[in-house]
Amino acid sequence: MDDELRARVEEAAETAALLNAVKHESEAQVGPLMGPLMGENPDFREYGDQIPGIVAPVVDRVNEMDAAERRERLEELAPEELAEIEAEEEGEEHPLPDLPDVGEDEEIRMRVAPNPNGPWHVGHARMPAVIGTYAERYDGSFVCRFDDTDPEVKRPDLDAYDAILDAIDYLGFEPEAVYRASDRVETYYEHARELIDRGGAYTCSCPGERFSELKNDSEACPHREKDQETVRAEFADMVAGEYSSGEMVLRVKTDIDHKNPALRDWVAFRMVDRAHPRPEASEYRCWPMLDFQSGVDDHLLGITHIIRGIDLQDSAKRQQFVYDYFDWEYPAVVHWGHVQIDAYDVSLSTSTIKDRIAAGDLDGWDDPRAPTIASLQRRGIRGEAIVDAMVELGTSTSNVDLAMSSIYAANRDLIDEATDRAFFVRDSDETGGLVERQVIGGPDAGHPPVHPNHDDRGTREIPVTDGVAIEGDDLPAHGDRVWLKGFGCVRHTRDAFEYVGDDIDVVREEGVDVVHWAPADGPTLRLRTMDGDVDGVVEPGILACEQDAMVQFERVGFARLDDLGATPAVAYFAHP
């Protein structure tokens, strides 16, 4: 391990130890720091056997400090993280900490900057949820800028542009303006030319491996000192498409001795042979890298605050070189960790979801098994519930786990009182299959309440003339009783249900089970769930409901009615 890397390990370890000690008001320990330290710094991993020996004395130094010294040092190293801790300590009413560096009377302006290589998965909702909430809190605004300047690796999907805007609308927010970076290529060219004139960029034809060797050895590229006239001419040829992919790049001239090799003379423009899928941008072959494009746009669009992943810390440092050349002021930055969701069998990866759809494993982006925004929307989960759950995660620099149950709980609070009840009897091995029984005696129909908390909504009428269907696991032993909800007490005898007319007290005092049911000849329904489709029989009144209505299938869960004209009718399971 060289001295530069050792210094980076020590600085990262000190920051992590200080965060741990200040947040928990206790001494830091080496063990708990190792996981986050290695996870957030992948280049440390190959030195895993050496890292603990470097971290230990750093931790000892931190533990020797008193509380005030720790906070003072953390203010120097990680002011944003300290502000977040202090906001939590103050117990402020906002789940999100105050934005840093908000000047008096400053108009807050933020951005959502999606790569439109596919519709959004659930994790993508965090950015518009938090940014939209901040914009409302500070009476500011945000824009949506599609960072679509990579026609090759993260190739834009033409359907994704509208799908992402629809997702933002579904979450309850409206961007002040919408931009497509692929419409702004000429603007990036103009700034590249000015950067060349300011002595801040040069054209380079070194093979990638060769430049990497030079960079890692802190040696200057042989093209670094080209005269500006040559650089301008070669960049003009790049713009004209005179080079093929890999032949020529434009580099930002930084510090060849910088302690972080990733920041040394980084690529601003490269050649791409493959045409952009948007017709308006299909003729361009010289494309800006994201750090250049995004950096220029953030300034030109007046962005005051940026939220980005902790893994993109180097982006701000790269872009700062460009800002210094142009004498621009860099926006305030908040870094956060990734969201992890373990409720799905499909990973939160746009490319993986695409592959699963192409292979036929998923029916589409709104398949209930897919971890996507479109899926949650089709299942009847309100955007507000997703926003509430995402905002509660805060902006911690640590990776955070999102429990889908938090989204479900928020959605339940929003819809429960307005959602009518209904019976759906599942024909599933997991519930014992579907069992039919004739009913002997009793009324011709059951009348369970439309909603248990609202008598004014009346009751539903469910006929029993041709017998009833119940789930196999609910079938009582011969001679035992069961309470058909809204109908009454029956005894299982002679492979039928005999109405006995007992009072409801048998449920309270004798433990008779209450079960849901449906007419044996009732309409069929298919419930699409995260675990697969479940068929069954539903009460007839469901077919008279409005399309897209939410119902609560009692003892099953909430569902959105999707296609009542199909056979079987189709509903999407939302949550318990």
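The chain exposes about 26,200 Å² of surface, of which carbon and sulfur atoms supply 42%; accessible areas here come from the Shrake-Rupley method with a 1.4 Å probe, and for residues only the protein chains shown count as cover. This is a predicted model, in which local features need pLDDT of at least 70 and side-chain atom pairs count only at pLDDT 80 or more, while totals for chains, interfaces and linings use all residues. Residues are numbered from 1 along each chain as its sequence is written, and side-chain values use heavy atoms, with hydrogens and water left out.

Along its principal axes the C-alpha trace spans about 100 × 60 × 50 Å, and the secondary structure comes to 17 helices and 27 strands, these being DSSP runs numbered from the N terminus (helices: H or I, at least four residues; strands: E, at least two). Of the 576 residues in the chain, 51% are buried, where buried means under 20% relative accessible area, exposed over 50%, and partly exposed in between (1.4 Å probe, protein chains only). Among the contacts with a separation of 6 or more, 68% join residues 24 or more positions apart, a contact being heavy atoms within 4.5 Å.

In soluble globular proteins, nonpolar side chains tend to be buried together. The largest nonpolar core in this chain has 51 residues, and I307, I381, I386 and L402 are those with the most contacts inside it; such a core is a set of buried Ala, Val, Leu, Ile, Met, Phe, Trp, Tyr and Cys residues joined through side-chain atoms within 4.5 Å. At least two residues of this core are supplied by each of β1 (109–112), α6 (126–137), β2 (141–146), α7 (160–170), β9 (332–336), α14 (373–378), α15 (383–392) and α16 (404–415). Apart from this core lies another, of 46 residues, which includes M248, F292, L301 and Y330.

Just after α7, G172 takes a positive phi of about 100 degrees.

Strand β6 (residues 267–271) holds F269, which counts as buried at 0% relative accessibility. Leaving out residues up to four places away in sequence, F269 touches Y188, Y189, A192, F235, M238, V249, L250, C286, W287, P288, M289 and F292. The C-alpha atoms of F269 and L290, 21 residues apart along the chain, are separated by 9.2 Å. Helix α11 (residues 290–300) contains Q293, a residue that is likewise buried, with a relative accessible area of 0%. Beyond its neighbours within four places in sequence, Q293 is in contact with R145, D147, T149, A181, Y188 and P288.

Side chains of opposite charge can pair when their charged atoms come close. A search of the whole structure finds 41 salt bridges.

Individual pairs differ in their surroundings. R421 forms a salt bridge with D416, the closest N and O atoms being 2.9 Å apart, and R421 counts as buried at 8% relative accessibility. R560 is paired with D562, with closest N and O atoms 2.7 Å apart; R560 is buried at 11% relative accessibility, and D562 is buried at 11%. The side chains of D505 and R508 also meet in a salt bridge (2.9 Å, N to O), but here D505 is partly exposed, with a relative accessible area of 31%, and R508 is exposed, at 61%. Both residues lie in helix α17 (residues 505–510), three residues apart, about one turn of the helix.

Finally, T567 is found in the loop between β26 (557–563) and β27 (569–575), where it counts as exposed at 77% relative accessibility. The C-alpha atoms of T567 and V534, 33 residues apart along the chain, are separated by 14 Å.

Note on methods: Salt bridge = Lys/Arg side-chain N within 4 Å of Asp/Glu carboxyl O.
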